[in-house]
There are 2 protein chains.
Amino acid sequence: MSANSRLTIAAHALAWIGLYQRQGHEVATSEQIAASANTNPVVIRRLLGELRRAGLVESRRGVGAGWSLARELESITLLDVYEAVEPGPLFAMHRTAPDQGCVVGHGIQPAMQGIYEGIEETVRNELARVTLENVLQDVLAAPR
Amino acid sequence: MSANSRLTIAAHALAWIGLYQRQGHEVATSEQIAASANTNPVVIRRLLGELRRAGLVESRRGVGAGWSLARELESITLLDVYEAVEPGPLFAMHRTAPDQGCVVGHGIQPAMQGIYEGIEETVRNELARVTLENVLQDVLAAPR
DNA sequence: GCAGTCGTAACAGTCATGGTTGCAACAACC
DNA sequence: GGTTGTTGCAACCATGACTGTTACGACTGC
């Protein structure tokens, strides 16, 4: 389906801020993060704005402004990020309602709905098992 | 992410063909299926063409032509349909490669890759647990 | 040969996403 | 109080995936 990269970029930004703060800096700017992710600062600000609404990061304005973590990396899971950043369901129903006069058209949506909900639940469980601290450790463990 | 409905429509089509054949008919036309799914016959033909390439259905041409199942509904899982119909991964990486000179930019892709592969594997396992026969039974069990 | 259906190309419309520009709001610092 | 650097946000365009639609050739039973 060639999905979007929002979750990837959001995790990238959080790991970057976390590492930067551990190196003694107070805040990170969207421009620095954008340079690391090789994208536009506005894209980063948009994403971090959603993470702020979810209570994962904070921002300061004015000179010397930037972004900082609102919670420790250990306490943020990929599920937190996913819910902050991905609005819709993994699988979609018909665009237009199927023929309700047909047996299949009438019953297919509740049937698939139940299946899809189960799958989304297991995906959420998987995402909830990974913290951003795990991600950062994996990042640092990558071979040069 | 507001995904696509290809898997839903494909399952709808297969269940429809399966039920139709159990009612004594040999083949189903794309027009009949499109009427049930409330879409265009060409959309159905395109999808069923991908299912045919995967060996799930067969088609006949000429007068009295149409589509029939190549395997029993019991032996077709949603994973078979998913693989026939959804090409890409669930989650995408960065559009443009991140800065390899940055520690995070260098390590983030292998880190996320590993996580995503694990999640896709569990999704596949879930999909493999549901047969189209299960789906049809769920469809028929829907309250009127 | 006729009729009905598939097979497929071509194109427009919609939507999500990403990239870009521009500018107001804000706050530290001088 | 002015300057400066950064966020916040709106507006717009480009791209790509998917859907819907039309058109027409290919095929086959009658």
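Q: Is Arg124(B) buried, partly exposed or exposed?
A: Keep in mind that this is a predicted model. To count as buried, a residue has to be under 20% relative accessible area, and exposed means over 50%. Arg124(B) comes out at 23% relative accessibility, so the label for Arg124(B) is partly exposed.

Q: Which residue does Arg124(B) meet in a salt bridge, and where does that residue lie?
A: The partner is Glu83(B), with 2.5 Å from N to O. Arg124(B) sits in helix H5 of chain B, so this pair ties together parts that are 41 residues apart in sequence. Glu83(B) is partly exposed too, at 44% relative accessibility. As for its place in chain B, Glu83(B) lies in helix H4 (residues 78–85).

Q: What separates the closest N and O atoms of Asp80(A) and Arg71(A)?
A: Asp80(A) is partly exposed, with a relative accessible area of 23%. Arg71(A) is partly exposed as well, at 30%. The two form a salt bridge, and their closest N and O atoms are apart by 3.3 Å.

Q: Which residues are linked with Arg22(A) in a network of salt bridges?
A: A search of the whole structure turns up 14 salt bridges over all chains. In chain A, Arg22(A) is part of a salt-bridge network, and the other members are Glu74(A) and Glu133(A).

Note on methods. Residues numbered from 1 in each chain as written. Chains lettered and ligands numbered in written order. Predicted model: local features only at pLDDT ≥ 70, side-chain atom pairs only at ≥ 80, totals over all residues. Heavy atoms only, no water. Salt bridge = Lys/Arg side-chain N within 4 Å of Asp/Glu carboxyl O. Buried < 20%, exposed > 50% of the residue type's maximum accessible area, 1.4 Å probe, protein only. Helix = DSSP H or I, 4+ residues; strand = E, 2+ residues; numbered from the N terminus.
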